[in-house]
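Have the viewer open while you read.

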Amino acid sequence: MRRIIFAFVFFAAFLMSHHAVAQDLLKSQDLSTVNVDYLSDADIAKIQSQLKSNNLTIEQAEPMLLAKGMSASDFSKLKSKITSNTAQPKLESNTKKDGIAKEDFGRKQLEVVNVKVKDSLNALVFGSELFDNPTLDFAPNLQLATPVNYVLGAGDQLQISVYGVQQYNANIPVTVEGNISLDYVGQLSIAGMTIEAASQKIKAALSGVYSTVSSGQSKVSITLSQIRTIQITIIGAKQPGNYSVSSLATVYNALHLAGGPAKNGSYRAIELIRNNKVYKYVDIYDFLVIGDQSANVNLKDNDVIRIPAYSNRVTVEGAVKRPGIFEMKTGESFSSLLLFASGFNESAYTAAVNVIQKTAKEFKVKDIKQDEFNSYLPQSGDLFRVAKILNRFENRIKIDGAVFRPDTYSFYEGMRVSDLIAKAEGLKEDAYSKRARIIRLKSDLTIEIVNINLEKVSRGDLEADIPLNKEDVVTVYSILDFVEEYKITIDGEIKNPGVYVYYEGLTLNDLFVQAGGLTGSASKRVEVARMIMSEDIDEANPNKAELFNIEITPDNNEQSKNFSLFPFDVINIRKMAVYEKPEMVTISGAVNYAGKYVLASKKAKVFDIVKRAGGLTSVANLEGVKIKRPIKLKQIEDVESIDLNLGTNDSIQNKLEKKLKEKLKFAIIPVDWKSIVNGHDSNTNVTLLPGDEIEVATFNEGVKVTGNVLLTSEIPYDKGKGFTYYLDAVGGIDAKGWKKKAYIIYPNGKADVTKSFLFFRNYPRVTAGSQIIVPEKPEVKKMSTGEFVSIAGVLASLAGVIIAILR
C-alpha cells in the first residue's frame, strides 16, 4: 500500500513539475527532465502565449531550450505540437453553435486567422473591397518600438533592466489594481500613465535603491514586453460581437476583423462610442479617396463600434473609371460622387449626365448639364448613367493618294485644297495633275463627289482651289494607277514555271534567268504564242494567236540570239523527244535474288524479271505468283493529304515510299506461272508497269479457313478432300455464316465462289496455300405487327374489289 501511495505522489509531483514548466518554459533553468509527451493542449497553448509575449518563434527559441537541457527529440515533438496547435485555432467555449459560443456570442481571439470570402451582395458597394481583401487587416505591428504616448493598463508587462555597475532584470506585470511590484522598492501605481511618464517614475524609484543609477554609473531600460488584450464590441457588422484585440488595435483593424459593414451598413457614419458617448465619427471614404487615416484611432477597453444603416446610396454606371454603388452624405453634390467614381474615363460624354430618379409612384428621367455638377444633390436611389461620346470628329479632314504624307489632318474654317496639300508636304512625282477627287458628306448625310484640277490649283487659281469642308476625303491620283499591269507566262522545261510581271524591254534570256533557268530535259525547241491585236476583225484569218518557233541551246540560259518579248506572251520550252529516267519494279518472295529491277525494255514481262531475279526457288509455290499494281490517285489533293512526317533515322526517299504505300491501294493480277513456263506468249505473262510488285509465295501445305466459322484455323492440305471437308474440319459455320456464298482465294490472288443450280451446289476446287472465307448473312428485318396488319388490310380490300368485279 505504501508503494502505491508513493507512486501516486510521485506521479502527481511529476505532472505538477511538467505543469510548472509549461507555466513558464522560458524562465525554467533545467529542462532535462521535461517529457513533451505529457504536456496537454492547455500547456501547449500557454507555451505559445509565452513565446508570443516575448516576440519569439519556436525556431528562435530552439538554442535557448537546448542549452537548458531539453533533448533534440523532445524539442522536435514540442515544435510539432505547437505548429499543429497554431494551424487549428479554437474559440474558447464549452457550448458552441455554428462555431461561436452561445454565452459569449461573437468573442474571437486576435490570433484566429480570419478567412475572407468575397461578399457577392455588397460587391458593387464602394468601400466593400477594403474588407474583402484578406491581406489587408490593419493589424498593429508589434515588432516596432512602443509609442511613447501608449497608456499603460492592467495586463501590460514591463521589462525593467538596470545595467552598468549594478544590475537588475525583471519582467513585471501591471496588476488589475494598476500597480507594479519592484524588488526593494514596493508597489508603484502606473495605470493610466503613458509609458514615457511611467518610465520617469520607475527610474526615480530605482535611483533610491540603486545609488549608481542617480550617479549615472548604471543605466535603466524600461520596455513593454507584453501588450495587454482589450475587449471591444462591434454592432452592425457582417460578424457582430465581442472581440479580444491588442491594446494597439485601431478602428480599421477591428472593422476588418468583423468583416466590415453589413449589407445595409453605412460606410460613412460609423460611430466609435467610448464611455457611452460618441467619441469619433469614422468616414471610410476619407481613407479610400484621399488616404486620410485621421479617424483610424487606437481603441480602448470596452469601446463600442456602431455601424448604423445607410441613409443615401446611389448607383453610377457607364463611362466612369470606377462604376458602382456609392453612399452620399447630406449636402454632397454630383461632383463629389464623380470624385468617388474616380472621374470620367477616356470615352465619356461629359457635357451632360442622365439620371433616373425615383418618385413616390414611378421613375423619372433628368439630364444634368455640366454646369450643374456642383449644384445637383443626388437623392437616395438615383441611377446615374454616363454615356460615351459619339464616334465622329468635329474637325477631321483626310487626304490620300500621290502625296508625300497621306493622313488625317485637323480642319479649320477657310481651308482650301492647296492648304491640305501643303499639310501633306506636297504632291509626289507621279501625281496626276489633271484631276483629283473630293468625297464630301453633305448636310443631309448623302455623299457627293467634287472634281478639282490640281494643275490650276498649283498655278494659284482660286476658282479651282475650292474651300474644303470637315470630313472631306481628298484623293490625289497617281499616273501609275492608269498603267495596265502586264503579265507574261512561261511553262514547260523551266525550273520555276508560272506567270511573271512584264517590263518594257524584257527578253527571252531575262525570263529564263528570272524563272530559275532551263531543266536538264529541255530541248532546243521553244514556242512563243503572242496575242493578235487589231482594230478591225479579219474574218479571213482563223488564227487566235501568232506563233514563233525559236531554236535555243538547251544547256545555256544566255542565247546568242536574244528574242524580245511582248505583254501576255506565252512561252513553252519543249521536252527532249527521248528523255525518260529509268523506272523500276519490285520482286519479292521465293526467288533467288529479290529486290528492285529497272524496266530495261518498254515491253518487259513477268517472265523477264523472274529470270533476271534468278528464277523461282525450290520452295516456291508455282500457283502463288501474283502482281500488285498500284491504283493511280484520282486527284492531286489525295497526294497532298499524305502526312509524310519525315524523320531523321530513315532517308527521305525511303520514308516517302513507305508513307505512299500506306496510303495507296493496289490491284491484284493473278499469274499462271505454269502456263508462262509452257509458253511465254501466255496471256498472264503481262507487260509490267513502273511500280509493279511481283510476289512469289512460298509453298504452304495448309488451307486457311476464316470468316463466320466456329474456329478460324489452318487445316493441312489433303489432295483428295473437297471444299466442305475443310469447313467441317473447323467445326462448320456459325449462326451468322452464309455457306452458299462461301468463296476461296488462291495463292496467286485469284478467287472462286460457290455456284448453285436448282438444288445442286458446286463448290470451288481447293489447292494448297488457299484461303476459304465464309461471309456473314445479310440481316433481314422482320415485319412488325403493325406492318402485318397493314398488309392484311390491303389484301382484304383487294379481295373485295375482285369479288365485286366478278359479280
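1. Y168 and Y210 are both buried, where buried means under 20% relative accessible area, exposed over 50% and partly exposed in between (1.4 Å probe, protein chains only). They form a tilted aromatic pair, 6.0 Å centre to centre with 40° between the planes. For pairing, rings of Phe, Tyr and Trp (its six-membered ring) need centres within 6.5 Å; planes under 30 degrees apart are stacked, over 60 edge-to-face, and the rest tilted. Y168 sits in strand 4 (residues 168-173) and Y210 in the loop between helix 6 (195-207) and helix 7 (211-215), so the pair ties together parts 42 residues apart in sequence. Helices (H or I, at least four residues) and strands (E, at least two) are DSSP runs, numbered from the N terminus.

2. Some housekeeping. This is a predicted model: local features need pLDDT of at least 70, side-chain atom pairs count only at pLDDT 80 or more, and totals for chains, interfaces and linings use all residues. Residues are numbered from 1 along each chain as its sequence is written, and side-chain values use heavy atoms, with hydrogens and water left out.

3. Y725 and Y726 make an edge-to-face pair, at 5.0 Å centre to centre and 80° between the planes. Y726 is buried because its relative accessible area is 0%, whereas Y725, at 32%, counts as partly exposed.

4. How many aromatic pairs are there in the whole structure? A search finds 18. Elsewhere, F334, F344, F373, Y376 and F384 form one aromatic cluster.

5. On to charge. E535, D536, D538 and E539 gather in a negative surface patch, and K739, K740, K741, R761 and K777 form a positive one. Patch residues have over 30% relative accessible area (Shrake-Rupley, 1.4 Å probe) and no salt bridge, with like charges joined within 9 Å. A salt bridge is a side-chain nitrogen of Lys or Arg within 4 Å of a carboxyl oxygen of Asp or Glu.

6. E539 is in the loop between strand 25 (522-531) and strand 26 (545-551), and counts as exposed because its relative accessibility is 73%. K777 is in the loop between strand 39 (771-774) and helix 19 (785-806); at 43% it counts as partly exposed.

7. Two backbone angles to look at. E425, in the loop between helix 11 (417-423) and strand 20 (431-441), has a phi near 65°, positive in a residue other than glycine. F568, also not a glycine, has a positive phi of about 70°. F568 is in the loop between strand 26 and strand 27 (570-575), and is partly exposed at 34% relative accessibility.

Definitions and conventions:
Patches are made of residues with over 30% relative accessible area and no salt bridge: like charges are joined within 9 Å, nonpolar side chains (Val, Leu, Ile, Met, Phe, Trp, Tyr) within 5 Å. Lys and Arg count as positive and Asp and Glu as negative; His and the chain ends are not counted. The place of a charge is taken as NZ of Lys, CZ of Arg, CG of Asp or CD of Glu.
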